[in-house]
Amino acid sequence: MKGYIGAIDQGTTSTRFMVFDKDARVVAMAQKEHEQIFPAPGWVEHNAEEILRCTHEVIEAALQQRGLQPTDLAAIGITNQRETTVVWERKTGRPVTNALVWQDTRVGDEVARFAKNGGQDRFRATTGLPLSTYFSGLKLRWILGNASGAREKAADGELLFGNIDTFLAWNLTGGPRNGKHVTDVTNASRTQLMNLRTLDWDDELLAAFEIPRAILPEVRSSSEVYGTARLPAISGVPIAGILGDQQAALVGQACFHPGEVKNTYGTGCFLLMNTGERMVPSSCGLLTTVAYKFGKHAACYALEGSVAITGALVQWLRDNLGMIAKSSDVETLARTVEDNGDVYFVPAFSGLYAPYWKESARGVIAGLTRYANKGHLARAVLEATAFQTRELVEAMETDAHISLASLRVDGGMVTNELLMQFQADILNREVVRPVIQETTALGAAYAAGLAVDFFPGLEQLRANWAMDRKWEPRMEEWRRERLYRQWKKAVARSFDWIDS
(Lines give C-alpha, C1' and ligand atoms only; values in the text may rest on other atoms or scores of the structure.)
Protein backbone atom coordinates (compact mmCIF):
# COMPACT_ATOMS: atom_id res chain seq x y z
CA MET A 1 0.00 0.00 0.00
CA LYS A 2 1.39 3.40 -0.96
CA GLY A 3 1.77 5.27 2.29
CA TYR A 4 2.03 8.93 1.27
CA ILE A 5 0.38 11.68 -0.75
CA GLY A 6 2.21 14.65 -2.30
CA ALA A 7 1.20 18.27 -2.81
CA ILE A 8 2.72 20.99 -4.98
CA ASP A 9 1.93 24.36 -3.39
CA GLN A 10 2.88 26.99 -5.97
CA GLY A 11 2.39 30.41 -4.38
CA THR A 12 2.99 34.02 -5.29
CA THR A 13 6.45 34.20 -3.76
CA SER A 14 7.59 30.58 -3.48
CA THR A 15 6.98 26.96 -4.42
CA ARG A 16 6.75 24.08 -1.94
CA PHE A 17 6.41 20.35 -2.19
CA MET A 18 4.96 18.62 0.85
CA VAL A 19 4.43 14.95 1.61
CA PHE A 20 1.64 13.88 3.99
CA ASP A 21 0.77 10.55 5.58
CA LYS A 22 -2.74 9.15 6.04
CA ASP A 23 -3.18 11.14 9.27
CA ALA A 24 -2.41 14.39 7.40
CA ARG A 25 0.94 14.76 9.14
CA VAL A 26 3.78 16.41 7.23
CA VAL A 27 6.62 13.92 6.67
CA ALA A 28 8.74 15.95 4.21
CA MET A 29 8.83 19.48 2.84
CA ALA A 30 11.04 21.64 0.63
CA GLN A 31 10.50 25.24 -0.42
CA LYS A 32 12.14 27.73 -2.78
CA GLU A 33 11.41 31.38 -3.56
CA HIS A 34 11.26 32.79 -7.09
CA GLU A 35 11.91 36.26 -8.45
CA GLN A 36 9.30 39.02 -8.29
CA ILE A 37 9.57 41.14 -11.46
CA PHE A 38 8.29 44.75 -11.53
CA PRO A 39 8.89 46.19 -15.03
CA ALA A 40 6.76 49.31 -14.43
CA PRO A 41 4.52 50.79 -11.73
CA GLY A 42 1.59 48.40 -11.23
CA TRP A 43 3.13 45.66 -13.38
CA VAL A 44 3.96 42.38 -11.63
CA GLU A 45 5.45 39.40 -13.47
CA HIS A 46 6.91 35.95 -12.83
CA ASN A 47 9.19 33.82 -14.97
CA ALA A 48 7.07 30.70 -15.49
CA GLU A 49 10.09 28.62 -16.50
CA GLU A 50 11.79 29.57 -13.22
CA ILE A 51 8.68 28.44 -11.35
CA LEU A 52 8.78 25.11 -13.21
CA ARG A 53 12.47 24.65 -12.30
CA CYS A 54 11.70 25.45 -8.67
CA THR A 55 8.90 22.87 -8.75
CA HIS A 56 11.26 20.16 -10.00
CA GLU A 57 13.86 21.08 -7.38
CA VAL A 58 11.53 21.10 -4.38
CA ILE A 59 9.97 17.77 -5.40
CA GLU A 60 13.39 16.15 -5.58
CA ALA A 61 14.59 17.78 -2.35
CA ALA A 62 11.54 16.78 -0.32
CA LEU A 63 11.63 13.17 -1.48
CA GLN A 64 15.36 12.93 -0.74
CA GLN A 65 14.73 14.02 2.86
CA ARG A 66 12.99 10.72 3.59
CA GLY A 67 14.51 8.59 0.84
CA LEU A 68 11.11 8.31 -0.86
CA GLN A 69 10.60 6.80 -4.30
CA PRO A 70 7.78 7.41 -6.79
CA THR A 71 6.26 4.11 -5.70
CA ASP A 72 5.76 5.53 -2.20
CA LEU A 73 3.33 8.19 -3.45
CA ALA A 74 -0.32 7.36 -4.11
CA ALA A 75 -0.88 10.62 -6.01
CA ILE A 76 0.07 14.28 -6.20
CA GLY A 77 -2.20 17.32 -5.95
CA ILE A 78 -1.51 20.83 -7.22
CA THR A 79 -2.55 24.10 -5.61
CA ASN A 80 -1.55 27.41 -7.09
CA GLN A 81 -1.64 31.17 -7.05
CA ARG A 82 -4.84 31.89 -8.91
CA GLU A 83 -5.37 34.28 -11.84
CA THR A 84 -1.65 34.46 -12.70
CA THR A 85 -1.68 34.07 -16.47
CA VAL A 86 0.71 32.08 -18.67
CA VAL A 87 0.67 31.61 -22.47
CA TRP A 88 3.17 29.17 -23.98
CA GLU A 89 4.02 27.41 -27.24
CA ARG A 90 2.44 24.00 -27.70
CA LYS A 91 5.46 22.56 -29.54
CA THR A 92 8.25 23.85 -27.27
CA GLY A 93 6.65 24.70 -23.93
CA ARG A 94 8.29 28.14 -23.98
CA PRO A 95 6.16 31.00 -22.56
CA VAL A 96 5.63 33.84 -25.02
CA THR A 97 5.96 36.43 -22.21
CA ASN A 98 6.55 36.42 -18.49
CA ALA A 99 3.50 35.34 -16.51
CA LEU A 100 1.18 38.22 -15.58
CA VAL A 101 0.64 37.94 -11.83
CA TRP A 102 -2.79 38.32 -10.24
CA GLN A 103 -1.62 41.61 -8.66
CA ASP A 104 -0.73 43.13 -12.06
CA THR A 105 -2.81 46.21 -12.96
CA ARG A 106 -1.73 46.89 -16.57
CA VAL A 107 -5.23 46.16 -17.92
CA GLY A 108 -6.82 48.96 -15.90
CA ASP A 109 -7.74 50.91 -19.03
CA GLU A 110 -9.40 47.80 -20.47
CA VAL A 111 -11.45 47.40 -17.30
CA ALA A 112 -12.73 50.95 -17.70
CA ARG A 113 -13.45 50.42 -21.40
CA PHE A 114 -15.41 47.21 -20.82
CA ALA A 115 -17.30 48.80 -17.92
CA LYS A 116 -18.57 51.62 -20.14
CA ASN A 117 -20.94 49.10 -21.73
CA GLY A 118 -22.86 47.49 -18.89
CA GLY A 119 -20.95 48.70 -15.86
CA GLN A 120 -18.42 47.00 -13.58
CA ASP A 121 -20.85 44.12 -12.92
CA ARG A 122 -21.43 43.48 -16.62
CA PHE A 123 -20.41 39.81 -16.36
CA ARG A 124 -21.19 39.16 -12.69
CA ALA A 125 -24.41 37.22 -13.31
CA THR A 126 -22.52 34.67 -15.41
CA THR A 127 -19.14 34.60 -13.65
CA GLY A 128 -19.76 35.87 -10.11
CA LEU A 129 -16.99 38.41 -10.67
CA PRO A 130 -16.85 42.17 -11.28
CA LEU A 131 -14.67 43.62 -13.99
CA SER A 132 -11.22 44.00 -12.45
CA THR A 133 -7.52 43.81 -13.26
CA TYR A 134 -7.47 40.83 -10.86
CA PHE A 135 -8.79 38.06 -13.10
CA SER A 136 -7.14 36.13 -15.93
CA GLY A 137 -9.38 36.96 -18.91
CA LEU A 138 -8.18 40.50 -19.52
CA LYS A 139 -4.58 39.48 -18.80
CA LEU A 140 -4.87 36.79 -21.49
CA ARG A 141 -6.39 39.33 -23.86
CA TRP A 142 -3.43 41.66 -23.19
CA ILE A 143 -0.87 38.94 -23.96
CA LEU A 144 -2.62 38.00 -27.19
CA GLY A 145 -2.65 41.64 -28.23
CA ASN A 146 0.92 42.48 -27.24
CA ALA A 147 3.11 39.40 -27.76
CA SER A 148 4.33 39.25 -31.36
CA GLY A 149 2.00 37.15 -33.52
CA ALA A 150 0.28 35.68 -30.48
CA ARG A 151 -3.32 36.23 -31.56
CA GLU A 152 -2.82 34.49 -34.90
CA LYS A 153 -0.87 31.61 -33.34
CA ALA A 154 -3.55 31.18 -30.68
CA ALA A 155 -6.31 30.94 -33.28
CA ASP A 156 -4.27 28.29 -35.12
CA GLY A 157 -3.88 26.20 -31.96
CA GLU A 158 -0.14 26.85 -31.65
CA LEU A 159 -0.38 28.45 -28.20
CA LEU A 160 -1.80 27.25 -24.90
CA PHE A 161 -3.15 29.27 -21.98
CA GLY A 162 -3.46 28.44 -18.33
CA ASN A 163 -3.06 29.65 -14.82
CA ILE A 164 -0.04 28.19 -13.06
CA ASP A 165 -1.90 24.94 -12.23
CA THR A 166 -2.38 24.26 -15.95
CA PHE A 167 1.22 25.12 -16.83
CA LEU A 168 2.56 22.74 -14.17
CA ALA A 169 0.11 19.90 -14.94
CA TRP A 170 0.91 20.11 -18.67
CA ASN A 171 4.66 20.03 -18.07
CA LEU A 172 4.58 17.30 -15.40
CA THR A 173 2.48 14.99 -17.58
CA GLY A 174 4.69 15.28 -20.66
CA GLY A 175 4.69 18.85 -21.89
CA PRO A 176 5.17 18.92 -25.69
CA ARG A 177 4.92 15.10 -25.65
CA ASN A 178 1.17 14.80 -25.04
CA GLY A 179 1.04 16.72 -21.76
CA LYS A 180 -2.48 17.09 -20.35
CA HIS A 181 -3.86 20.58 -20.96
CA VAL A 182 -6.33 20.78 -18.09
CA THR A 183 -7.54 23.00 -15.29
CA ASP A 184 -10.08 22.52 -12.54
CA VAL A 185 -13.35 24.36 -11.93
CA THR A 186 -11.91 26.53 -9.14
CA ASN A 187 -9.14 27.95 -11.30
CA ALA A 188 -11.42 28.24 -14.32
CA SER A 189 -13.87 30.23 -12.22
CA ARG A 190 -11.16 32.89 -11.70
CA THR A 191 -10.59 33.59 -15.38
CA GLN A 192 -13.88 35.47 -15.92
CA LEU A 193 -14.35 33.20 -18.93
CA MET A 194 -16.24 30.33 -17.25
CA ASN A 195 -19.99 30.12 -16.71
CA LEU A 196 -20.65 29.30 -13.04
CA ARG A 197 -23.73 27.27 -13.90
CA THR A 198 -22.40 25.15 -16.77
CA LEU A 199 -18.86 24.92 -15.30
CA ASP A 200 -17.42 25.36 -18.79
CA TRP A 201 -16.09 28.13 -21.00
CA ASP A 202 -18.84 30.49 -22.09
CA ASP A 203 -19.08 31.39 -25.78
CA GLU A 204 -20.49 34.87 -25.14
CA LEU A 205 -17.65 35.67 -22.75
CA LEU A 206 -15.05 34.34 -25.18
CA ALA A 207 -16.51 36.54 -27.91
CA ALA A 208 -16.54 39.62 -25.66
CA PHE A 209 -12.92 39.11 -24.61
CA GLU A 210 -11.86 37.93 -28.11
CA ILE A 211 -10.36 34.70 -26.77
CA PRO A 212 -10.11 31.71 -29.17
CA ARG A 213 -11.38 28.51 -27.58
CA ALA A 214 -8.42 26.59 -29.04
CA ILE A 215 -6.06 28.16 -26.50
CA LEU A 216 -8.07 27.11 -23.44
CA PRO A 217 -7.55 24.02 -21.27
CA GLU A 218 -10.21 21.40 -20.61
CA VAL A 219 -12.19 22.17 -17.44
CA ARG A 220 -12.24 19.19 -15.07
CA SER A 221 -13.25 18.50 -11.48
CA SER A 222 -10.92 19.30 -8.57
CA SER A 223 -10.39 15.63 -7.69
CA GLU A 224 -9.74 13.07 -10.41
CA VAL A 225 -6.78 11.52 -12.20
CA TYR A 226 -5.74 13.90 -15.00
CA GLY A 227 -2.64 11.97 -16.07
CA THR A 228 0.60 10.51 -14.73
CA ALA A 229 3.83 12.34 -14.04
CA ARG A 230 6.81 11.87 -16.35
CA LEU A 231 9.36 13.76 -14.26
CA PRO A 232 11.89 11.09 -13.16
CA ALA A 233 11.56 11.84 -9.43
CA ILE A 234 7.80 11.14 -9.57
CA SER A 235 7.53 9.07 -12.73
CA GLY A 236 4.23 7.22 -12.98
CA VAL A 237 2.59 8.99 -10.02
CA PRO A 238 -0.98 10.13 -10.80
CA ILE A 239 -1.61 13.87 -10.88
CA ALA A 240 -5.02 13.67 -9.28
CA GLY A 241 -6.06 16.95 -7.65
CA ILE A 242 -6.10 20.63 -8.60
CA LEU A 243 -7.42 23.48 -6.47
CA GLY A 244 -6.78 27.21 -6.52
CA ASP A 245 -4.89 28.13 -3.38
CA GLN A 246 -7.76 29.70 -1.44
CA GLN A 247 -10.17 26.89 -2.26
CA ALA A 248 -7.43 24.45 -1.25
CA ALA A 249 -7.17 26.17 2.13
CA LEU A 250 -10.97 25.86 2.54
CA VAL A 251 -10.67 22.12 1.88
CA GLY A 252 -7.59 21.85 4.13
CA GLN A 253 -9.56 23.49 6.94
CA ALA A 254 -12.31 20.85 6.38
CA CYS A 255 -14.95 23.52 5.73
CA PHE A 256 -17.31 21.12 3.98
CA HIS A 257 -20.60 22.35 5.45
CA PRO A 258 -22.46 25.46 4.25
CA GLY A 259 -21.69 28.43 6.48
CA GLU A 260 -18.18 27.31 7.46
CA VAL A 261 -15.53 29.98 6.94
CA LYS A 262 -11.74 30.25 6.78
CA ASN A 263 -9.38 33.17 6.34
CA THR A 264 -5.92 32.75 4.82
CA TYR A 265 -3.18 35.27 5.61
CA GLY A 266 -0.60 35.06 2.85
CA THR A 267 0.63 37.48 0.20
CA GLY A 268 -2.95 38.72 0.23
CA CYS A 269 -5.84 37.86 2.53
CA PHE A 270 -8.75 35.68 1.44
CA LEU A 271 -11.94 34.97 3.37
CA LEU A 272 -14.09 32.11 1.99
CA MET A 273 -17.46 30.78 3.12
CA ASN A 274 -18.79 27.47 1.84
CA THR A 275 -22.34 28.01 0.53
CA GLY A 276 -22.89 24.41 -0.55
CA GLU A 277 -24.52 23.67 -3.90
CA ARG A 278 -26.19 27.09 -3.86
CA MET A 279 -24.61 30.07 -5.62
CA VAL A 280 -25.04 33.17 -3.46
CA PRO A 281 -24.89 36.45 -5.37
CA SER A 282 -23.19 39.28 -3.50
CA SER A 283 -24.54 42.77 -2.98
CA CYS A 284 -21.63 43.79 -0.74
CA GLY A 285 -18.63 43.55 -3.05
CA LEU A 286 -17.76 39.88 -2.53
CA LEU A 287 -17.14 37.26 -5.22
CA THR A 288 -19.25 34.21 -6.01
CA THR A 289 -16.87 31.42 -6.93
CA VAL A 290 -16.53 27.64 -7.07
CA ALA A 291 -15.32 26.14 -3.78
CA TYR A 292 -14.53 22.65 -5.11
CA LYS A 293 -15.93 19.77 -7.14
CA PHE A 294 -14.91 16.28 -6.07
CA GLY A 295 -15.14 13.80 -8.97
CA LYS A 296 -18.68 13.25 -10.17
CA HIS A 297 -20.28 14.93 -7.14
CA ALA A 298 -22.03 18.28 -7.60
CA ALA A 299 -19.92 21.41 -7.37
CA CYS A 300 -19.95 23.39 -4.14
CA TYR A 301 -19.76 27.16 -4.25
CA ALA A 302 -18.34 29.87 -2.01
CA LEU A 303 -18.52 33.54 -1.22
CA GLU A 304 -15.08 35.11 -1.20
CA GLY A 305 -13.61 38.34 0.05
CA SER A 306 -10.22 39.10 -1.54
CA VAL A 307 -7.60 41.56 -0.28
CA ALA A 308 -4.58 42.07 -2.52
CA ILE A 309 -1.87 43.09 -0.07
CA THR A 310 -1.32 41.77 3.46
CA GLY A 311 1.80 39.64 3.86
CA ALA A 312 3.16 41.43 0.79
CA LEU A 313 3.09 44.64 2.84
CA VAL A 314 5.46 43.09 5.38
CA GLN A 315 7.74 42.06 2.51
CA TRP A 316 7.59 45.63 1.17
CA LEU A 317 8.66 46.92 4.58
CA ARG A 318 11.56 44.45 4.45
CA ASP A 319 12.65 44.71 0.82
CA ASN A 320 11.78 48.27 -0.22
CA LEU A 321 12.40 50.19 3.03
CA GLY A 322 14.90 47.86 4.73
CA MET A 323 13.22 48.40 8.11
CA ILE A 324 13.41 44.70 9.03
CA ALA A 325 15.87 41.96 8.09
CA LYS A 326 13.29 39.18 7.81
CA SER A 327 9.50 39.14 7.76
CA SER A 328 9.14 37.69 11.25
CA ASP A 329 10.97 40.75 12.67
CA VAL A 330 7.89 42.91 12.06
CA GLU A 331 6.25 41.65 15.26
CA THR A 332 9.30 42.49 17.38
CA LEU A 333 9.43 45.98 15.87
CA ALA A 334 5.69 46.52 16.33
CA ARG A 335 5.96 45.55 20.01
CA THR A 336 8.35 48.45 20.68
CA VAL A 337 5.28 50.72 20.86
CA GLU A 338 2.00 50.43 22.77
CA ASP A 339 -0.31 51.32 19.89
CA ASN A 340 -0.29 52.58 16.31
CA GLY A 341 0.30 56.22 17.26
CA ASP A 342 -2.74 57.11 15.13
CA VAL A 343 -0.90 55.88 11.99
CA TYR A 344 -2.87 53.92 9.37
CA PHE A 345 -1.44 52.19 6.29
CA VAL A 346 -3.83 51.42 3.43
CA PRO A 347 -1.87 49.07 1.10
CA ALA A 348 -3.77 49.71 -2.13
CA PHE A 349 -0.70 48.90 -4.23
CA SER A 350 -2.86 47.12 -6.82
CA GLY A 351 -5.98 49.16 -6.19
CA LEU A 352 -8.56 47.97 -3.69
CA TYR A 353 -10.25 44.58 -4.05
CA ALA A 354 -13.21 43.50 -1.90
CA PRO A 355 -15.42 45.10 -0.83
CA TYR A 356 -14.53 48.30 -2.76
CA TRP A 357 -13.23 47.19 -6.20
CA LYS A 358 -11.55 50.51 -6.91
CA GLU A 359 -8.86 50.12 -9.55
CA SER A 360 -7.80 53.77 -9.20
CA ALA A 361 -6.94 53.57 -5.49
CA ARG A 362 -3.29 53.57 -4.40
CA GLY A 363 -1.51 53.05 -1.11
CA VAL A 364 -1.49 55.77 1.53
CA ILE A 365 -0.05 56.24 5.01
CA ALA A 366 -2.36 58.52 7.02
CA GLY A 367 -2.09 60.19 10.41
CA LEU A 368 1.65 60.87 10.42
CA THR A 369 3.03 63.31 13.00
CA ARG A 370 6.52 63.98 14.39
CA TYR A 371 5.61 61.50 17.13
CA ALA A 372 5.38 58.56 14.70
CA ASN A 373 8.34 56.19 14.45
CA LYS A 374 9.16 52.93 12.72
CA GLY A 375 7.47 50.92 15.48
CA HIS A 376 4.18 52.71 14.79
CA LEU A 377 4.62 52.05 11.07
CA ALA A 378 5.20 48.33 11.76
CA ARG A 379 2.03 48.23 13.89
CA ALA A 380 0.09 49.98 11.14
CA VAL A 381 1.34 47.37 8.65
CA LEU A 382 0.03 44.50 10.79
CA GLU A 383 -3.21 46.23 11.74
CA ALA A 384 -4.01 46.88 8.06
CA THR A 385 -4.44 43.13 7.60
CA ALA A 386 -6.87 42.90 10.52
CA PHE A 387 -8.87 45.96 9.48
CA GLN A 388 -9.27 44.64 5.94
CA THR A 389 -10.39 41.27 7.31
CA ARG A 390 -13.09 42.96 9.40
CA GLU A 391 -14.40 44.66 6.26
CA LEU A 392 -14.66 41.27 4.57
CA VAL A 393 -16.37 39.63 7.54
CA GLU A 394 -18.98 42.39 7.73
CA ALA A 395 -19.70 42.08 4.01
CA MET A 396 -19.95 38.29 4.23
CA GLU A 397 -22.33 38.35 7.18
CA THR A 398 -24.59 40.73 5.29
CA ASP A 399 -24.57 38.66 2.07
CA ALA A 400 -24.97 35.27 3.74
CA HIS A 401 -27.28 36.37 6.57
CA ILE A 402 -25.04 34.44 8.96
CA SER A 403 -23.28 35.85 12.02
CA LEU A 404 -19.82 34.34 12.51
CA ALA A 405 -19.04 33.14 16.02
CA SER A 406 -15.37 32.45 15.29
CA LEU A 407 -12.85 32.69 12.48
CA ARG A 408 -10.62 29.79 11.39
CA VAL A 409 -7.28 31.14 10.23
CA ASP A 410 -4.27 29.79 8.33
CA GLY A 411 -1.35 30.99 6.26
CA GLY A 412 2.10 32.34 6.96
CA MET A 413 1.02 35.28 9.12
CA VAL A 414 -0.93 33.27 11.72
CA THR A 415 2.24 32.67 13.73
CA ASN A 416 2.26 36.41 14.48
CA GLU A 417 0.74 36.54 17.98
CA LEU A 418 0.33 40.32 17.95
CA LEU A 419 -1.61 40.24 14.70
CA MET A 420 -3.85 37.38 15.78
CA GLN A 421 -4.74 39.09 19.08
CA PHE A 422 -5.48 42.36 17.29
CA GLN A 423 -7.58 40.43 14.76
CA ALA A 424 -9.72 39.00 17.57
CA ASP A 425 -9.95 42.45 19.17
CA ILE A 426 -11.00 44.36 16.06
CA LEU A 427 -13.48 41.62 15.03
CA ASN A 428 -14.81 41.09 18.55
CA ARG A 429 -14.80 37.37 17.80
CA GLU A 430 -12.56 34.46 18.68
CA VAL A 431 -9.82 33.55 16.21
CA VAL A 432 -8.88 29.87 15.93
CA ARG A 433 -5.65 28.43 14.51
CA PRO A 434 -5.52 24.72 13.57
CA VAL A 435 -2.76 22.29 14.51
CA ILE A 436 -1.98 21.70 10.83
CA GLN A 437 -1.33 25.20 9.53
CA GLU A 438 -0.18 24.20 6.02
CA THR A 439 -3.81 24.02 4.97
CA THR A 440 -3.31 25.06 1.34
CA ALA A 441 -0.96 22.17 0.56
CA LEU A 442 -3.10 19.89 2.70
CA GLY A 443 -6.20 20.77 0.66
CA ALA A 444 -4.42 19.78 -2.55
CA ALA A 445 -3.31 16.54 -0.90
CA TYR A 446 -6.88 15.85 0.21
CA ALA A 447 -8.23 16.40 -3.33
CA ALA A 448 -5.64 14.05 -4.83
CA GLY A 449 -6.09 11.50 -2.06
CA LEU A 450 -9.86 11.37 -2.48
CA ALA A 451 -9.43 10.69 -6.21
CA VAL A 452 -7.34 7.56 -5.61
CA ASP A 453 -9.08 6.38 -2.40
CA PHE A 454 -6.05 7.24 -0.26
CA PHE A 455 -8.57 9.03 1.99
CA PRO A 456 -11.90 7.21 2.38
CA GLY A 457 -14.13 10.27 2.61
CA LEU A 458 -14.84 13.74 3.96
CA GLU A 459 -15.59 12.60 7.51
CA GLN A 460 -12.03 11.39 7.99
CA LEU A 461 -10.77 14.71 6.70
CA ARG A 462 -12.97 16.53 9.21
CA ALA A 463 -11.65 14.28 11.95
CA ASN A 464 -8.09 15.33 11.08
CA TRP A 465 -8.84 18.95 12.00
CA ALA A 466 -7.81 20.02 15.51
CA MET A 467 -7.34 23.38 17.25
CA ASP A 468 -3.85 24.58 18.14
CA ARG A 469 -4.51 28.05 19.60
CA LYS A 470 -7.44 30.39 20.21
CA TRP A 471 -7.46 34.16 20.75
CA GLU A 472 -10.36 35.86 22.57
CA PRO A 473 -11.21 39.55 22.09
CA ARG A 474 -10.20 41.78 25.02
CA MET A 475 -10.38 45.33 23.63
CA GLU A 476 -12.88 47.87 24.95
CA GLU A 477 -15.76 48.57 22.58
CA TRP A 478 -15.15 52.33 22.41
CA ARG A 479 -11.51 51.80 21.40
CA ARG A 480 -12.37 49.11 18.84
CA GLU A 481 -14.87 51.35 17.08
CA ARG A 482 -12.61 54.42 17.18
CA LEU A 483 -9.77 52.50 15.53
CA TYR A 484 -12.08 51.13 12.87
CA ARG A 485 -13.61 54.55 12.20
CA GLN A 486 -10.14 56.03 11.69
CA TRP A 487 -9.25 53.15 9.39
CA LYS A 488 -12.31 53.88 7.24
CA LYS A 489 -11.20 57.52 6.95
CA ALA A 490 -7.76 56.41 5.80
CA VAL A 491 -9.26 54.06 3.20
CA ALA A 492 -11.30 56.94 1.76
CA ARG A 493 -8.06 58.92 1.31
CA SER A 494 -6.75 56.20 -1.05
CA PHE A 495 -9.64 56.49 -3.52
CA ASP A 496 -9.21 57.88 -7.06
CA TRP A 497 -5.46 58.47 -6.85
CA ILE A 498 -5.13 57.44 -10.50
CA ASP A 499 -7.05 59.72 -12.86
CA SER A 500 -9.54 57.89 -15.04
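This is a predicted model: local features need pLDDT of at least 70, side-chain atom pairs count only at pLDDT 80 or more; totals for chains, interfaces and linings use all residues.
I then turned to helix α14 itself, which runs over residues 439–451 and has 13 residues. From its first C-alpha to its last I noted a reach of 18 Å, close to the 18 Å expected at 1.5 Å a residue. Checking burial next, I found that twelve of the 13 residues of α14 are buried, so the helix is largely enclosed by the rest of the structure. Among these buried residues I listed Thr439, Gly443, Ala445, Tyr446, Ala448 and Leu450.

My next entry concerns the largest nonpolar core, which holds 104 residues and in which Ile5 and Tyr265 touch the most other members. Helix α12, residues 374–400, gives the most to this core, with 13 residues. Leaving aside residues up to four places away in sequence, I saw that isoleucine 5 touches, among others, Ala445, Ala448 and Gly449, which are buried residues of α14, and its contacts also include Met18, Phe20, Leu73 and Phe455. Apart from this core lies another of 36 residues, among them Ala48, Leu63, Ala169 and Ile242.

Last, I looked at how α12 meets helix α10, residues 311–319, and recorded that their axes come within 8 Å and cross at roughly 155°. Angles over 145 degrees count as roughly antiparallel, and α10 and α12 are therefore roughly antiparallel to each other. I noted the crossing as right-handed, with Leu313, Val314 and Leu317 of α10 in contact with Leu377, Ala378, Val381, Leu382 and Ala384 of α12.

How values were computed. Residues are numbered from 1 along each chain as its sequence is written. Side-chain values use heavy atoms; hydrogens and water are left out. Helices (H or I, at least four residues) and strands (E, at least two) are DSSP runs, numbered from the N terminus. The expected span of a helix is 1.5 Å times one less than its number of residues. Buried means under 20% relative accessible area, exposed over 50%, partly exposed in between (1.4 Å probe, protein chains only). A nonpolar core is a set of buried Ala, Val, Leu, Ile, Met, Phe, Trp, Tyr and Cys residues joined through side-chain atoms within 4.5 Å. Contact means heavy atoms within 4.5 Å. Axes are lines fitted to C-alpha atoms, for helices over the stretch in contact, and angles run from 0 to 180 degrees between N-to-C directions. Angles under 35 degrees count as roughly parallel, over 145 as roughly antiparallel, 65 to 115 as roughly perpendicular and the rest as oblique. A crossing is left-handed if the near helix is turned anticlockwise from the far one by less than a right angle, and right-handed if clockwise.
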